[in-house]
Amino acid sequence: MLKPVKLGNRVLEVPIIQGGMGVGVSLDGLAGNVMKQGGLGVISAAHPGYRENDFFVNPLKANIKALHECAKSARAISNGRGLLGVNIMFACNNYDTYVKECVKAGYDAIISGAGMPLSLPEYAGDSDILLAPIVSSGKAANLILRAWDQKYNRTPDFIVIESSLAGGHLGFKLKDLEEGTCQSLDEILSEVLECIKPYADKYQRDIPVFVAGGIYDGRDIAHYINNGASGVQMGTRFIATEECDADIRFKEEIIKADEKDIVLVKSPTGFPGRAVLNDYMKRVKEEGNRKITNCIGCLKPCNPLDTPYCISRALIEAVKGNIQEGLVFTGFNGYRIKELTTVEKLMKELQEEANEVLR
């Protein structure tokens with residue numbers, strides 16, 4: 001049977017984390033409903049304020065306002081059940097400000113990837129918010145564990161592993177992704193479980209590990225729990241739900257996608273990504289770099305002079321339903337989704353499937 005997981009001084013009733021998806025794909029509607037089913041709902045800090053009137057004038061202000069409002073709304077939707085997390089990309093500008101504001105807004109957990117969040121504990125201060133890095137290798141996990149131990153005398157409250165089959169930005173080299181030479185999720189999980197042992201012993205606490213990337217059904221969940229994971233993180237499966245905060249046309253793009261339509265794409269972050277090869281991405285590939293105007297300076301690695309396209313605008317257009325001008329991120333198994341469902345039905349289905357297999 002799926003079991004609750006202790007995370008620091010909190011308990012996650014159902015060991016399923018809904019992955020944070022920006023821009024605007026996972027806000028209060030999706031996160032709150034996942035929480036309502038006992039899971040960890042996650043709001044993406046990647047431009048949650050894109051709907052604010054002053055967003056393009058002062059994106060930081062708009063995003064901070066939205067992060068606070070979304071936290072309150074998700075709590076109201078959940079009726080006091082579940083945990084609330086926020087995904088903050090280390091690659092974004094004003095990273096420290098977003099961390100501090102999410103602490104003020106009362107989130108239960110900060111999940112952070114798209115780079116090495118070595119300074120995350122510094123910005124979280126002495127708050128009791130749960131801190132969880134996202135890693136794609138045992139080497140990365142060990143580096144973060146050692147840095148947090150030596151500099152902050154602490155360890156992560158939990159760790160999320162994202163494999164090469166995840167959607168959005170990927171922590172692997174493009175060549176390895178194209179040639180299929182990336183480590184498997186099973187291999188990475190084994191490495192991470194081994195490297196956390198001395199830190200779990202030192203701090204006399206468990207460091208739960210959640211796996212992500214290619215997790216599709218309850219049988220996948222059971223497989224990884226039987227191999228030492230505490231739970232899973234899933235993003236793409238939650239896109240095709242009524243409660244997902246994206247426009248219905250965004251959801252339909254996932255539902256109608258075939259396996260050949262899901263490809264690796266370039267991202268201004270410098271990381272490769274996985275998305276639907278729609279007309280927009282075909283044009284980007286054919287026409288080369290697009291001129292960027294009115295840059296809002298959202299990403300540290302992005303240079304408007306040579307970036308292939310403005311990822312913020314592409315994601316905003318997509319989540320609003322303007323798919324012809326938008327980027328639709330998806331995981332490797334997105335093509336297997338063929339109908340719209342609800343968060344409640346999906347969560348129950350995943351738990352029932354997992355419980356049939358778990359020993």
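A residue counts as buried when its relative accessible area is under 20%. Tyr95, at 3% relative accessibility, is therefore buried. The model is predicted, and a search of the whole structure finds five aromatic pairs in it.

- Phe90 and Tyr95 form an edge-to-face pair, with 4.9 Å centre to centre and 75° between the planes.
- The angle of 75° makes this pair edge-to-face because planes over 60 degrees apart are classed that way.
- Ring pairs join Phe90, Tyr95 and Tyr123 into a cluster.

**Aromatic pair Phe158 and Phe210**
- Phe158 and Phe210 also form an edge-to-face pair, at 5.6 Å centre to centre and with 70° between the planes.
- Phe158 lies in the loop between α5 (138-152) and β8 (159-162), while Phe210 belongs to strand β10 (residues 209-212), so the pair ties together parts that are 52 residues apart in sequence.
- Phe158 has a relative accessible area of 0% and is therefore buried.
- Phe210 is at 0% relative accessibility, so Phe210 counts as buried.

Key. Residues numbered from 1 in each chain as written. Predicted model: local features only at pLDDT ≥ 70, side-chain atom pairs only at ≥ 80, totals over all residues. Heavy atoms only, no water. Phe/Tyr/Trp six-rings, centres within 6.5 Å; stacked < 30°, edge-to-face > 60°. Buried < 20%, exposed > 50% of the residue type's maximum accessible area, 1.4 Å probe, protein only. Helix = DSSP H or I, 4+ residues; strand = E, 2+ residues; numbered from the N terminus.
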